[in-house]
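Thanks, everyone, for making time this morning.

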Amino acid sequence: YHIVAVPTLSKRDGAYLEQLGFYNQAEINKLARLKVDTAKVNAWLGKGAEVTDRLQRLFLAVPELGTAKQRKTWELRQHARKASVQKRLAAEKAKAE
């Protein structure tokens, strides 16, 4: 999967502004799965670019990406997503019983 910077109003598979790296989930070596140009990513983040939920989780594995404030926000969002999923699963389990 290519990691790219795209305009907000762009189509999902439309043109992109710049390629920032790639993610290969089939790679056996976990450290080689994600390759990004940290300077380019940090430049885009500095310009106010937003990161998708999936990229937030991937970027948390690379300590050089994002500012401390951005990383804290990504962590909080990740914990909120986990909590909502656990709450939904508990509700489904209670309903099934």
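What follows is a short tour of this predicted model.

Two remarks on conventions come before the tour: residues are numbered from 1 along each chain as its sequence is written, and side-chain values use heavy atoms, with hydrogens and water left out. Since we are looking at a predicted model, local features need pLDDT of at least 70 and side-chain atom pairs count only at pLDDT 80 or more, whereas totals for chains, interfaces and linings use all residues.

Let me begin with the sheet, where three strands form an open, antiparallel arrangement in the order S1-S2-S3. Its edge strands are S1, residues 2-5, and S3, residues 34-36, each of which pairs on one side only. Neighbouring strands are turned against each other by 25° on average, with direction ignored. Strands here are DSSP E runs of at least two residues and helices are H or I runs of at least four, numbered from the N terminus, and two strands pair if DSSP finds at least two bridges between them. Strand S2, residues 18-23, is joined to S3 by three bridges in the antiparallel sense.

Helix H1, residues 38-46, lies across S1, S2 and S3 and runs at about 120° to S2; axes are lines fitted to C-alpha atoms, for helices over the stretch in contact, with angles from 0 to 180 degrees between N-to-C directions.

Phe22 sits in strand S2, and its bridge partner in S3 is Lys35. Leaving aside residues up to four places away in sequence, Phe22 touches Tyr1, His2, Ile3, Arg33, Leu34 and Lys35, where contact means heavy atoms within 4.5 Å.

Finally, the linings of the pockets. In the largest pocket, S1, S2, H1 and helix H2, residues 53-59, each supply at least two lining residues. By class, that lining has 17 nonpolar, six polar and five charged residues, with Ala, Val, Leu, Ile, Met, Phe, Trp, Tyr, Cys and Pro counted as nonpolar, Asp, Glu, Lys and Arg as charged, and the others, Gly among them, as polar. For the second largest pocket, the largest share of the lining, three residues, comes from H2, and the classes there are seven nonpolar, one polar and four charged.
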